[in-house]
Amino acid sequence: MSNQSRRIIRAARVVGLTLAWILPLFLCGVGLRETSVNAQEKAAQPRFKNLQVLKDIPPDQLIPAMQFISASLGVECEFCHVHDGFDKDDKPSKQTARRMIQMMFTLDADQFHGERAVTCYTCHRGSAKPVSIPMVDSTAPYVSEVRSAANPTPQARTNLPSTDDVIEKYIGAVGGAPAIQNVSSRVESGTVSFGVGPSFPIEILSKSPSRQAMIVHLPAGDTSTVIDGQNGWIRSPAGPVRDMPQADIEGAKLDADLQFPINVEKAFQQLKVIRTERISDHDAILLFATNASGPPLELYFDRETGLLLRQLRFASSPLGLNPTQIDYDDYKTFDGIQVPLHLVITRPNRTLNIHLLQVKQNSPVDEAEFARR
Ligand code: HEC
Ligand code: HEC
């Protein structure tokens, strides 16, 4: 069967399923006006057979409620209902929906003075699976949200390179393992802007293993973000030095790792190629990196060059994950190593746009740069 005829049949079934209820209800209304005796008899009969959480609503409100649920989740009736009976509880999604309806009623009663503040749409927003990580840009939810993403279907896997191929190509693209190993420090300078505002001078000093100081020269004074391999802190022109939250340290360590291409396989217990995706005008391969504990990391490699185009990482919080997206662009070679000169660091509420103008490999970096002061 062609895809199109399959689609048409599916659509017809969905419409049929919907009409199966809308139509009788409509006809029922007509009959009501014509023969009131008949209508009274009908009203006395329970129209629905298996209502548990919506049993107290007027019967004519059930279908609108079902339409609201379908619209909120972006699904058709058959997402929850089997073909031969709306009253049957065969589909787990119907039973989940029942729990959800109860939850919604309880939430609104207990937390919002009985007002209908929270609805299915508040969480679902047109999707069966609500997203729980704030979006960096609102195109698509993160792979990390989709629990089955780590186990893509065999179909999605065809035509994809293996994890080893991706890492090997990445190492080769950056300059090869010996050249990467050879870099013990890097001094970069350029400009940074925050969203649409003006640009300020920035310096990034990195030293193996995993030490980095990022200093921005603001009119009011320097602000720096430092990680010494274990601990991190943030120093601003005014105010005391603040510790970097533990949740951000893992991510900062990744940024500071000059040997990241050869360390990535050691740093994560599981690496999986998930799918290809378009990132601006590049075909990218998404590699999903996880550890038993700690949030996952999404790495997007240019399918053509093998270089890293984007990383998406998450910092744990008691209420949910905080995302950071870093886009890498404008790669140039310095002492045999490819270094991105354009970095865009995006969080849901702010963006750092870094343009590097100078990169020096293995130039001396004073230990004192990483000392807490
Ligand atoms: C997300 C799941 C979900 C979707 C989608 C959904 N329903 Fe339901 N439906 C339910 C649940 C749950 C109940 C039972 C409510 C209760 O227990 O009070 C129900 C009950 C019903 C009943 C009452 C059956 C009976 O006799 O007990 C009808 C009729 C019905 N739905 C029609 C529809 C129609 C028509 C659509 C599409 C427009 C639809 N539903 C979409 C979850 C869903
Ligand atoms: C407070 C947030 C919230 C509200 C409100 C909410 N849901 Fe959900 N719902 C979720 C979350 C989170 C999940 C995913 C749970 C999981 O993945 O295990 C979910 C899952 C579901 C699923 C299972 C989807 C699947 O793929 O099987 C159904 C069905 C569902 N909700 C229906 C509803 C309906 C109907 C309403 C309104 C009556 C509703 N939900 C209101 C948060 C919410």
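Biologist: Why does Ser210 count as buried?

Modeller: This is a predicted model, and the values are computed from it. Ser210 has 21 C-beta neighbours inside 10 Å. The cut-off for buried is 20 or more. Ser210 therefore counts as buried.

Biologist: Where is Ser210 found?

Modeller: Ser210 lies in the loop between strand 2 and strand 3. Strand 2 spans 199–207 and strand 3 spans 211–218. Ser210 also has a positive phi of about 50 degrees, although it is not a glycine. Pro209 is found in that loop too.

Biologist: What is the peptide bond from Ser208 to Pro209, cis or trans?

Modeller: The bond is cis. Its omega is near -5 degrees.

Biologist: What makes Arg125 count as exposed?

Modeller: Arg125 has 12 C-beta neighbours inside 10 Å. Exposed means 12 or fewer. Arg125 therefore counts as exposed. Arg125 is placed in the loop between helix 5 and helix 6 (154–157). Its phi is positive, about 45 degrees, and Arg125 is not a glycine.

Biologist: How do you know that Ile262 counts as partly exposed?

Modeller: Count the neighbours again. Ile262 has 18 C-beta neighbours inside 10 Å. Buried needs 20 or more, exposed needs 12 or fewer, and partly exposed is in between. Ile262 therefore counts as partly exposed.

Biologist: Which residues is Ile262 in contact with, leaving aside its neighbours within four places in sequence?

Modeller: Ile262 touches Ile171, Ala177, Ile180 and Gln181. Ile262 itself sits in helix 10, residues 260–267.

Biologist: What makes helix 7 roughly antiparallel to helix 10?

Modeller: The two helices pack at an angle of about 155 degrees. Their axes are 9 Å apart. Angles over 145 degrees count as roughly antiparallel, so helix 7 is roughly antiparallel to helix 10.

Biologist: Which residues meet there, in helix 7 and in helix 10?

Modeller: Helix 7 brings Ile167, Tyr170, Ile171 and Val174. Helix 10 brings Pro261, Ile262, Val264 and Glu265. By class, this contact has seven nonpolar, no polar and one charged residues.

Biologist: Which residues touch the most other members in the largest nonpolar core?

Modeller: They are Val166, Ile285, Leu286, Leu287, Leu299 and Phe301, in a core of 22 residues. Elements that give two or more residues to this core include helix 7 (163–174) and strand 9 (297–302). Strand 8 gives the most, six residues. A second, separate core has 17 residues, including Val192, Ile204, Val226 and Ile227.

Biologist: How many residues surround ligand 1, and which are the closest?

Modeller: The shell has 28 residues. Leu54, Met66, Cys77, Cys80 and Asp87 are the closest. Helix 3 supplies the largest share, seven residues. The shell divides into 16 nonpolar, seven polar and five charged.

Biologist: How many residues surround ligand 2, and which are the closest?

Modeller: There are 16 residues around ligand 2. The closest are Ala97, Met100, Cys120, Cys123 and Ala128. Helix 4 gives the largest share, six residues. By class, this shell has eleven nonpolar, four polar and one charged residues.

Biologist: How many helices and strands are there in the protein?

Modeller: The protein has ten helices and 13 strands. Of its 373 residues, 19% are buried.

Conventions:
Residues are numbered from 1 along each chain as its sequence is written. Chains are lettered from A and ligands numbered from 1 in the order in which they are written. This is a predicted model: local features need pLDDT of at least 70, side-chain atom pairs count only at pLDDT 80 or more; totals for chains, interfaces and linings use all residues. A nonpolar core is a set of buried Ala, Val, Leu, Ile, Met, Phe, Trp, Tyr and Cys residues joined through C-beta atoms within 7 Å. Helices (H or I, at least four residues) and strands (E, at least two) are DSSP runs, numbered from the N terminus. A residue is near a molecule or strand if its C-beta atom, placed from the backbone, lies within 6 Å of it. Ala, Val, Leu, Ile, Met, Phe, Trp, Tyr, Cys and Pro count as nonpolar, Asp, Glu, Lys and Arg as charged, and the others, Gly among them, as polar. Two residues are in contact if their C-beta atoms, placed from the backbone, lie within 7 Å. Axes are lines fitted to C-alpha atoms, for helices over the stretch in contact, and angles run from 0 to 180 degrees between N-to-C directions. Angles under 35 degrees count as roughly parallel, over 145 as roughly antiparallel, 65 to 115 as roughly perpendicular and the rest as oblique.
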